[in-house]
Amino acid sequence: MQSLVKGHLVMSLLVSAELAFDTGVELAYDPGDPLAIRLTFHLPGDPPVSWIFGRELLLDGITRPSGEGDVRVWPVPGPDEDFMDVCVELRSTEGAAVLRSPAVPLISFLGRTDRVLPMGQEHTIADLDRELEAILGQ
């Protein structure tokens, strides 16, 4: 059985151009839902907020602007000129939030998900599971 991949990091929640505060973020990848990752962040005094979006969207957003609609991801220069940061914008009818993180921990998390289930093989695994169920159900 494939295992859940979790990552914990601190991201900056951008309130305005002049104001940001750090917040704990959990990333989770469940091979049972092979195309998605869950991002959960914690705001003081509020329940955790979770978003589910494509693993490939996060990967693409590390190197180029990606996504449209309720989740967008794009690279920005980091404080260290040798490393990029990544912004993740989450939009709902209630408002929007922009989180910013160094790219390195996101790349590390995605690398761990790829070791559990390589990108591009998600559909193959799902097809195999369906075929196995059909064989065992007969």
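Predicted model: local features only at pLDDT ≥ 70, side-chain atom pairs only at ≥ 80, totals over all residues.
How many bridges join β1 to strand β2, and which way do the two strands run? Ten bridges join them, and the strands run antiparallel.

The overall layout comes next. The protein chain holds three helices and seven strands. Their order along the sequence is β-β-β-β-α-β-β-β-α-α. Of the 138 residues in the protein chain, 35% are buried. Contacts between residues at least 6 apart in sequence include 34% that join residues at least 24 apart.

The opening strands can be followed in turn. Strand β1 covers residues 5-14, and strand β2 covers residues 20-29. Five residues lie between β1 and β2, and the two strands form a hairpin. Within this pairing, Gly 7 stands opposite Leu 27 in β2. Strand β2 also pairs with strand β3, residues 36-41, through four bridges, and this pair is antiparallel. The link from β2 to β3 is a hairpin of six residues. Here Ala 28 has Arg 38 in β3 as its bridge partner.

Strand β5, residues 71-77, is joined to β6 by seven bridges, and the two run antiparallel. Six residues lie between them in a hairpin, and Pro 77 has Met 84 in β6 as its bridge partner. Strand β6 in turn is joined to β7 by eight bridges, again in an antiparallel arrangement. That hairpin has two residues between its strands, and in it Val 88 stands opposite Leu 99 in β7.

Is Val 5 buried or exposed? Val 5 has a relative accessible area of 5%, under the 20% limit, and is therefore buried. Val 5 touches Leu 27, Ala 28 and Tyr 29, and also Phe 109, Arg 112, Thr 113 and Val 116, when residues up to four places away in sequence are not counted. Val 5 and Arg 112 are 107 residues apart along the chain, yet their C-alpha atoms are separated by 7.0 Å. Val 10, which also lies in β1, has a relative accessibility of 52%, over the 50% limit, so Val 10 counts as exposed. Under the same exclusion of sequence neighbours, Val 10 touches Asp 22 and Thr 23.

Thr 113 lies in helix α2, residues 103-116. Thr 113 counts as buried because its relative accessibility is 0%. Leaving aside neighbours within four places in sequence, Thr 113 is in contact with Val 5, Tyr 29 and Arg 55. Ser 101 touches Leu 9, Met 11, Asp 85, Val 86 and Leu 106, not counting residues up to four places away in sequence.

The nonpolar interior is the next stop. In soluble globular proteins, nonpolar side chains tend to be buried together. The largest nonpolar core of this model has 27 residues, and those with the most contacts inside it are Leu 39, Phe 41, Phe 53 and Leu 90. What does Phe 53 contact, leaving aside its neighbours within four places in sequence? The residues are Leu 35, Ala 36, Ile 37, Leu 39, Leu 58, Val 71, Val 88 and Leu 90.

Strand β7 gives the most, with four residues. By class, the lining has eleven nonpolar, two polar and one charged residues.

Definitions and conventions:
Residues numbered from 1 in each chain as written. Heavy atoms only, no water. Core = buried A, V, L, I, M, F, W, Y, C linked by side-chain atoms within 4.5 Å. Buried < 20%, exposed > 50% of the residue type's maximum accessible area, 1.4 Å probe, protein only. Contact = heavy atoms within 4.5 Å. Pairing = 2+ DSSP bridges. Nonpolar A, V, L, I, M, F, W, Y, C, P; charged D, E, K, R; others polar.
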